[in-house]
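Please consult the sequence and the structure shown below while reading.

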Amino acid sequence: MTARSIIIDTDPGHDDAVAILVALASPELAVRGITTVAGNVPLALTTRNARRVLALAGREDVPLFAGCGRPLLRPLVTAEAVHGQTGLDGAELPEPTVPLSDRHAVDWLVDTLLAARDDPVTLCPLGPLTNIAMALVREPRIADGIAQVVLMGGAAFAGGNTTPAAEFNIYVDPHAADIVFRSGLPLTMLPLDCTHKALMQADWIEGLGRLGTRVGQAVSALLRFYQRYDVAKYGSSGGPLHDPTVIAYLLQPQLFAGKTCNVRVEVGSPLTLGMTVTDWWGVTGEPANCTVITEVDAAGFFALVADRLGRL
Ligand code: BDR
Ligand code: CA
């Protein structure tokens with residue numbers, strides 16, 4: 001089996017942390033590197049958090065690069081209410097032990113993707129799309145080194161989680177998202193329509209703690225903290241686990257279903273800024289640019305995540 005090369009662009013974040021761990025635990029995937037972006041918390045914290053997750057996994061050999069500290073045009077909006085002041089509240093995580101690279105993530109993305117024409121890489125953005133848009137603008141030829149972009153973000157019919165119209169990752173940097181959705185790259189989006197159909201239940205979270213591993217105990221504590229916010233917000237029995245759907249989709253696409261259609265990002269209207277306007281019925285005649293995933297086998301998804309976490 002040849003492992004698929006991926007790069008994870010991320011703003012950890014509890015669900016980002018789980019996505020990184022699941023990817024690292026999966027032999028089907030070769031994580032070529034991790035790039036961090038400002039999002040759930042400012043860049044210094046998302047970078048520190050990504051490094052702590054690598055330390056937790058015992059994988060500080062994975063290259064990690066800090067990227068953009070703010071969106072292209074707008075001031076940064078963060079989500080401490082969801083993820084806590086550190087961005088990963090709820091568990092004691094190890095401190096990183098190796099120095100952070102002084103290369104900028106966008107520089108590394110450009111060089112790596114230019115060199116990847118013969119073995120294109122799948123990009124997995126789990127946060128605002130600032131780094132990806134910056135790399136595409138700086139060097140459009142990187143497109144030849146990108147197999148596809150599979151991202152968590154947006155909402156087709158679900159409504160927003162940050163404004164009535166917009167999901168957090170797209171809302172934080174709508175202009176970057178607009179660049180990515182107009183790029184012509186093969187895109188797959190795991191929007192709220194999908195992630196809100198897979199809600200973590202308390203016994204599943206407790207079960208991770210019973211794996212008897214350091215990773216299982218840390219993730220269980222993290223997710224106990226993480227889901228308190230969404231349970232209160234939505235009045236549901238559990239909260240969504242957004243970002244790992246990207247990794248699960250790469251591992252077991254049969255767990256998911258959706259449709260390929262035209263998606264555009266709203267960048268003009270103050271009321272609906274960051275909305276992912278999805279032409280599900282093809283009424284515009286505009287060409288399809290994105291596979292929009294709206295369905296997930298929740299039981300299969302949570303079994304996959306637990307299985308992979310149990311390997312670490
Ligand atoms: C997205 O926003 C962030 O808070 C999560 O990490 C996820 O990427 C969900 O809207
Ligand atoms: Ca995220």
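The following paragraphs describe the site of ligand 1 and then the calcium site.

The model is a predicted one. Within it, the space taken by ligand 1 is the largest pocket. Two elements, α1 (14-24) and α6 (168-172), each give two or more residues to the shell around this ligand. The shell itself comprises Asp 15, Asp 16, Asn 40, His 83, Leu 126, Met 152, Asn 161, Glu 167, Phe 168, Asn 169, His 242 and Asp 243. Sorted by class, these residues are three nonpolar, five polar and four charged.

| Residue (side-chain N or O atom) | Distance to an oxygen atom of ligand 1 |
|---|---|
| Asp 15 | 2.6 Å |
| Asn 40 | 2.6 Å |
| His 83 | 3.1 Å |

Ligand 1 taken alone exposes 290 Å², and the protein buries 96% of that area.

Ligand 2 is a calcium ion, whose protein donors lie 2.3 to 2.6 Å from it. These donors are Asp 11 (OD), Asp 16 (OD), Asp 16 (OD), Leu 126 (O) and Asp 243 (OD). Along the chain, the donors follow the spacing D-x4-D-x109-L-x116-D. Because Asp 16 belongs to helix α1 while Asp 243 belongs to the loop between α10 (214-234) and α11 (244-251), the pair ties together parts that are 227 residues apart in sequence.

Asp 16, Leu 126 and Asp 243 are among the residues around ligand 1, and they are also among the donors of the calcium ion.

Definitions and conventions. Residues numbered from 1 in each chain as written. Chains lettered and ligands numbered in written order. Predicted model: local features only at pLDDT ≥ 70, side-chain atom pairs only at ≥ 80, totals over all residues. Heavy atoms only, no water. Near = heavy atom within 4 Å. Polar contact = N/O pair within 3.5 Å; in protein donor to acceptor, adjacent residues only side chain to side chain. Areas by Shrake-Rupley, 256 points an atom, 1.4 Å probe, with all protein chains shown as cover. 1 Å grid on protein atoms, 1.4 Å probe; cavity = no way out; pocket = protein on both sides within 12 Å on 5 of 7 lines; lining within 4 Å. Sits in = over half its atoms within 2 Å of the grid points. Helix = DSSP H or I, 4+ residues; strand = E, 2+ residues; numbered from the N terminus. Nonpolar A, V, L, I, M, F, W, Y, C, P; charged D, E, K, R; others polar. Donors = N, O, S within 2.8 Å, 3.2 Å for Na, K, Ca; no water.
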